[in-house]
Amino acid sequence: MEKIKIGSHVGMAGKEMFLASVKEAEAYGANVLMLYTGAPQNTRRKEIEELNIEAGWEYAKKAGIEEIVVHAPYIINLANTVKPEIFELATEFLQKEIHRTAAMRSKILVLHPGSHLNEGVEVGIAQVVKGLNFVLDNNDDDVYIALETMAGKGSELGRTFEELKMIYDGVHKKERLRVCFDTCHVNDAGYNLVGDYEGVMQKFDEVIGLEQIAVLHINDSLNSCGAHKDRHANIGEGQIGFETLQKIVHDERFKEVPKILETPWRCAEGSDKKTIPPYKEEIARLKGF
């Protein structure tokens, strides 16, 4: 059976920190994982020494987990031209996050490009470029920044492949950039993965290049193509459907690319609290034919 690099977003908390992340991924039958180095909605972070990295990797090797992806917190907004202090915080924090990613022995830091806050796409992209240049020109860590494809809700940047290309075009160290291709976001942005899978891939290849995809976020979508909403659904329970998601997971061109699920947790019967992770079943389903 072919070996697929597949896993999910996992937590990192408690005393065990990274070791706990690896154990969680192992329980899901994953061989890759993605984590945040702290809460995604704030910048409070533990010291690198407290992340339990060594023990985590020792366990990971035995569990067959060879690769991890780090996701930057989504409060980093490099596109902010409205509040200079927020932009400054974003660049400062991104620098630290790159160091943390390298310390965790990950090569990939996923980043949402940011929101232009109604100042316009060009203004926002120029600011993202400025921020990335500031950060990357002063950093030599062996880490790629993978810009995520976005659904385009509100004033989000990265809703089209062309917008991501504009960021690439302005960044000095282009070789440090990659893309995180999110299936839900691409669908919600208006690319018809279901009806024209090859066409979408061809378009991406023409604009940016398929070899630039360093991570795939595998999510179904609650919304129809082009809704600009960004609401993830469980595998096979949304508008994209199992067949298309399985197609991308088994696409030979992405054999070496980690596939990460960020699908919603489920509720126990009779409860409305989401307490049950779906990843073990979804990973097994997507792996099989």
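## Helix H7 and its buried side

In helix H7 (197–207), Tyr197, Val200, Met201, Phe204 and Val207 are buried. Buried means under 20% relative accessible area, exposed means over 50%, and partly exposed lies in between (1.4 Å probe, protein chains only). Helices (H or I, at least four residues) and strands (E, at least two) are DSSP runs, numbered from the N terminus. The arc is taken from the directions that run from the helix axis to the C-beta atoms.

What covers these residues? The cover includes H5, E6, H6, E7 and helix H8 (242–249). Contact here means heavy atoms within 4.5 Å. Just after H7 comes Gly209, with a positive phi of about 110°.

## How the model is read

This is a predicted model, where local features need pLDDT of at least 70, side-chain atom pairs count only at pLDDT 80 or more, and totals for chains, interfaces and linings use all residues. Residues are numbered from 1 along each chain as its sequence is written, and side-chain values use heavy atoms, with hydrogens and water left out.

## Helix H5

Helix H5 spans residues 161–170. Its buried residues are Phe161, Glu163, Leu164, Ile167 and Tyr168. Seen down the axis of H5, they fall within an arc of 165°, so they line one face of the helix.

Which elements do they pack against? The partners are helix H4 (121–137), strand E5 (144–148), strand E6 (177–182), helix H6 (183–189) and helix H7 (197–207).

## His217 in strand E7

His217 lies in strand E7 (residues 213–218). Is His217 buried or exposed? His217 is buried, with a relative accessible area of 0%.

Set aside its neighbours within four places in sequence. His217 is then in contact with Met34, His71, Val110, Glu148, Cys180, Phe181, Asp182, Thr183, Ile260 and Glu262.

## Helices H1 and H2

Helix H1 covers residues 18–27, and helix H2 covers residues 53–63. They pack at an angle of about 20°, with their axes 7 Å apart. Axes are lines fitted to C-alpha atoms, for helices over the stretch in contact, and angles run from 0 to 180 degrees between N-to-C directions. H1 and H2 are therefore roughly parallel to each other. Angles under 35 degrees count as roughly parallel, over 145 as roughly antiparallel, 65 to 115 as roughly perpendicular and the rest as oblique.

Phe18, Leu19, Val22, Lys23 and Glu26 in H1 meet Ile53, Ala55, Gly56, Trp57, Tyr59, Ala60 and Ala63 in H2. The contact residues divide into nine nonpolar, one polar and two charged. Ala, Val, Leu, Ile, Met, Phe, Trp, Tyr, Cys and Pro count as nonpolar; Asp, Glu, Lys and Arg count as charged; the others, Gly among them, count as polar. Ala20 sits in H1. Ala20 is partly exposed, at 23% relative accessible area. Ala20 and Gly56 are 36 residues apart in sequence and 7.5 Å apart in space, C-alpha to C-alpha.

## Two positive phi values

Met17 is found in the loop between strand E1 (6–9) and H1. Its phi is near 45°, a positive value in a residue other than glycine. Met17 counts as buried, at 4% relative accessibility.

Asn52 is found in the loop between strand E2 (32–35) and H2. Phi of Asn52 is near 60°, and Asn52 too is a residue other than glycine. Asn52 is partly exposed, with a relative accessible area of 26%.
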